[in-house]
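Welcome! Here is a short briefing to read alongside the structure. Take a moment to look it over, then work through the topics below.

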Amino acid sequence: MCPRRIQIAVPEVDEPLEDSIRLFIGGLRRPESDDSSPYVFLTFGRLRENLGLMVANFADAYFSNELGPVISLLTTQQSSDYSFVEDELITLTQAAEKLHRSLSKNAGLIPQQEYKEMRKTIEKCIPSAISEELRKRIQDGLSYANELTLRSRLAALFEDCSLRARTLILGELAPVEFAKRLGSTRNYLTHYSRKDEQVLSSIDEFVWYNARLRTLLRYLLLKQIGTPEDLAFEAINTNFG
């Protein structure tokens with residue numbers, strides 16, 4: 001994993017000390033301007049009452065098998081000096097999918113126990129005459145048949161957002177429409193699926209969708225480490241994208 005840090009900035013002249021200590025979640029490479037960087041979330045003055053809990057929760061999350069990969073994906077993408085918008089979208093959707101899995105461990109198209117029994121019934125119907133390779137392919141497919149789609153997971157993440165956070169991120173766009181376009185584009189880029197009208201086609205569209213998904217992930221990660229709603233909203237409102 002790429003090392004992460006909490007950055008403590010050197011105070012400027014006449015700058016209050018508590019405004020000079022800033023919380024970062026980023027790689028070791030430092031952006032040119034801390035004040036305009038999306039790495040900066042909040043100053044110590046705003047975090048004073050919650051900082052100890054947040055740092056402890058962040059450490060627990062980062063070294064866990066659940067949120068650690070999400071943080072690594074998000075911050076590695078942020079740390080890159082150069083990146084294609086298509087690569088950014090693939091990385092961000094991967095992080096979003098992993099985050100939803102960690103927040104909704106038993107989510108499925110139908111209850112897991114019900115699917116477990118259904119799968120046994122389906123596997124009994126596999127013809128005995130088929131090749132072992134094909135049998136394995138069918139069984140592997142059944143292992144994931146009850147999984148939620150990326151579109152469903154992306155839309156579901158907005159259920160954990162406050163109304164004002166969701167409005168800030170999406171404006172009037174519905175979460176399901178946002179998820180539909182990102183899901184279609186990710187599938188087109190990674191699976192060579194048919195390019196339909198939902199697939200993003202311009203750099204401006206990629207930039208717009210990437211910025212909003214990145215902001216959503218930052219907001220949800222801040223909430224997961226114990227950041228109060230008002231401060232989590234302030235962080236993404238101040239450093240959007």
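**A buried leucine to start with**

Leu222 counts as buried, because its relative accessibility is 0%, where buried means under 20% relative accessible area, exposed means over 50%, and partly exposed lies in between (1.4 Å probe, protein chains only). This is a predicted model, in which local features need pLDDT of at least 70 and side-chain atom pairs count only at pLDDT 80 or more, while totals for chains, interfaces and linings use all residues. Residues are numbered from 1 along each chain as its sequence is written, and side-chain values use heavy atoms, with hydrogens and water left out.

**The overall picture**

- The protein has 12 helices and two strands; helices (H or I, at least four residues) and strands (E, at least two) are DSSP runs, numbered from the N terminus.
- Along the sequence, these elements follow the pattern α-β-β-α-α-α-α-α-α-α-α-α-α-α.
- Of the 241 residues in the protein, 41% are buried.
- The accessible surface comes to about 13500 Å², and 53% of that belongs to carbon and sulfur atoms; such areas come from the Shrake-Rupley method with a 1.4 Å probe, and for residues only the protein chains shown count as cover.
- Contact means heavy atoms within 4.5 Å. Among contacts between residues at least 6 apart in sequence, 64% join residues at least 24 apart.

- Leu222 lies in helix 11.
- Not counting residues up to four places away in sequence, Gln224 touches Leu67 and Leu103. Gln224 and Leu103 are 121 residues apart in sequence, yet their C-alpha atoms are 9.4 Å apart in space.

**The nonpolar core**

- In soluble globular proteins, nonpolar side chains tend to be buried together.
- The largest nonpolar core here has 41 residues, and those with the most contacts inside it are Leu99, Leu213, Leu216 and Leu217. A nonpolar core is a set of buried Ala, Val, Leu, Ile, Met, Phe, Trp, Tyr and Cys residues joined through side-chain atoms within 4.5 Å.
- Elements that give two or more residues to this core include helix 3 (51-62), helix 4 (68-79), helix 5 (85-103) and helix 11 (203-224). Which helix gives the most to this core? Helix 11 does, with nine residues.
- Leaving aside neighbours within four places in sequence, Leu217 is in contact with Leu74, Leu92, Ala95, Ala96 and Leu99.

**Helix 10 and its partners**

- The axes of helix 8 (residues 150-157) and helix 10 (residues 175-191) come within 8 Å and cross at roughly 145°. Axes are lines fitted to C-alpha atoms, for helices over the stretch in contact, and angles run from 0 to 180 degrees between N-to-C directions.
- Residues of helix 8 that meet helix 10 are Leu150, Arg151, Leu154 and Ala155. The residues of this contact divide into seven nonpolar, two polar and three charged; Ala, Val, Leu, Ile, Met, Phe, Trp, Tyr, Cys and Pro count as nonpolar, Asp, Glu, Lys and Arg as charged, and the others, Gly among them, as polar.
- Helix 5 and helix 10 have axes that come within 10 Å and cross at roughly 115°.
- On the helix 5 side, Glu86, Leu89, Ile90, Thr93 and Glu97 meet Leu182, Thr185, Arg186, Leu189 and Thr190 in helix 10. By class, this contact has four nonpolar, three polar and three charged residues.
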